[in-house]
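Have the sequence and the coordinates open as we go.

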Amino acid sequence: MIAPGHRVLIGLSGGPDSMALVQALMCLKKDLNIHLGLAHLNHMLRGRDALADESFVRKFARQTCLDLVVETRDVKTLARKEKRSIEEAGRNARYEFFNRTADRHQFDRVALGHNRDDHVEQILMNLVRGAGPRGLRGIPPTREERFIRPLITTPRSDIVAFLEQVSQDYVTDASNEDPAYLRNRVRHHLIPFLEKEFNPDIKTGLARLASIIALEDNFLNQMTQNALESVVADRQPGRIDLYAGKLADLDPALAARVIREGLFVVKKDLRRISHTHILDILTFARKKTSSGKSLDLPGQIRVYRQGDLLCIKKEITDLRTLGRQTKKSREATARQEQNLSI
């Protein structure tokens with residue numbers, strides 16, 4: 001995760017996980033030969049409590065003489081504007097802030113305090129939502145090379161014990177007890193129930209499951225990349241064309257993965273893309289009478305059939321507006337043909 005000479009930016013919320021992370025990295029700073037910095041984002045979700053967290057982090061930075069970058073974002077307004085959940089809007093705001101701060105101050109890594117309990121909770125959350133292998137991998141130890149999670153295999157209980165050992169205070173977030181959030185219901189109800197009724201070591205078992213799935217998923221991802229290259233007819237910014245016949249000849253499981261990867265190449269994410277969408281596209285690719293027809297997906301993604309080509313394209317124009325324009329164009333063409341025949 002870290003190499004000698006790296007500049008490491010620590011996402012510091014003031015909670016136990018991030019405080020344990022910064023203490024651990026300060027202890028290892030000399031041995032690892034790294035430079036540390038801190039970044040704190042105030043989400044403006046908890047009023048005075050959020051300001052108290054920010055004050056706590058500022059005081060810690062002064063005491064430890066670590067550079068600190070603080071920023072405030074109105075996450076609730078952002079979620080409403082972008083039509084996202086508060087959790088998703090907050091997560092996106094944090095990563096955008098961390099990336100921008102790391103770029104501006106030339107940090108090589110961004111260290112986050114996710115622990116094994118967070119990892120297990122994410123696995124269960126994804127499971128009850130009906131996720132596939134990617135979701136059952138849970139929280140990855142690294143992301144995009146820049147983001148690292150050194151505590152991802154450390155139980156929350158060990159983190160609290162470590163903080164007591166080094167006499168480090170931390171702040172608590174009351175929203176972590178709010179049952180309105182799925183993560184809290186998983187943490188406080190589902191996991192204790194599974195531990196009591198089925199497996200007292202369920203967290204270890206789920207972490208092992210995620211590790212096995214991640215290993216096999218990496219292998220399948222490589223197969224997917226190879227298969228994708230074998231069926232690509234053309235690739236342009238915002239569009240990828242696949243040979244429908246070659247795609248249909250692939251094993252259904254591999255074909256589904258190729259379609260997902262093709263969508264990711266065009267859309268840059270898979271937000272709001274469901275397994276049903278993937279199956280619809282696969283069925284669309286197998287039909288020999290689909291030329292000239294199209295499927296509309298979230299994110300202004302339109303899937304066309306042009307002969308033997310399956311074209312996945314991100315439209316600039318809203319799909320509803322584009323549909324009306326296409327309908328008017330077809331009607332105008334039909335009228336011209338009728339006039340010519342008269």
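Q: What makes G238, R239 and L263 count as residues that I312 touches?
A: This is a predicted model, and touching here requires heavy atoms within 4.5 Å. I312 meets that with G238, R239, I240, L242, G262, L263, V266, I301, R302 and V303, leaving aside residues up to four places away in sequence.

Q: Why is the set that includes L242, L263 and I312 called a nonpolar core?
A: The term asks for buried residues of the nonpolar kinds, such as Leu and Ile, joined through side-chain atoms within 4.5 Å. The largest such set has 28 residues, and L242, L247, L250, L263, L310 and I312 have the most contacts inside it. Two or more residues each come from α9 (202-231), β8 (239-243), α10 (244-249), α11 (252-267), α12 (275-286), β10 (301-306) and β11 (309-314). The largest share, seven residues, is that of α11. Another core lies apart from this one; its 20 residues include V22, A61, L151 and I159.

Q: How do you know that β8 and β11 pair?
A: Pairing takes at least two bridges. β8 and β11 have five, in the antiparallel sense, so the term applies. R239 stands opposite K313 in β11.

Q: What makes β7 and β9 edge strands?
A: The five-strand open sheet has the order β7-β8-β11-β10-β9, with antiparallel pairing. β7 (232-236) and β9 (294-297) each have a single partner strand, so one side of each is left without a neighbour in the sheet.

Q: Which helix packs on this sheet against β9, β10 and β11, and at what angle to β9?
A: That helix is α12, and its direction makes about 170° with that of β9. Angles over 145 count as roughly antiparallel, so α12 and β9 fall in that class.

Q: Why are α1 and α2 called roughly parallel?
A: The axes of α1 (residues 16-32) and α2 (residues 48-64) come within 13 Å and cross at roughly 10°. The cut-off is under 35 degrees, so the two helices are roughly parallel to each other. M19, V22, Q23 and M26 of α1 meet F56, F60 and T64 of α2. By class, this contact has five nonpolar, two polar and no charged residues.

Q: How do you know that β1 and β4 are paired?
A: Three bridges join β1 (residues 7-11) to β4 (residues 109-111), and the two strands run parallel. At least two are needed, so they pair. V8 stands opposite R109 in β4.

Notes. Residues numbered from 1 in each chain as written. Predicted model: local features only at pLDDT ≥ 70, side-chain atom pairs only at ≥ 80, totals over all residues. Heavy atoms only, no water. Buried < 20%, exposed > 50% of the residue type's maximum accessible area, 1.4 Å probe, protein only. Helix = DSSP H or I, 4+ residues; strand = E, 2+ residues; numbered from the N terminus. Axes fitted to C-alpha atoms, helices over the stretch in contact; angles between N-to-C directions. Parallel < 35°, antiparallel > 145°, perpendicular 65-115°, else oblique. Nonpolar A, V, L, I, M, F, W, Y, C, P; charged D, E, K, R; others polar.
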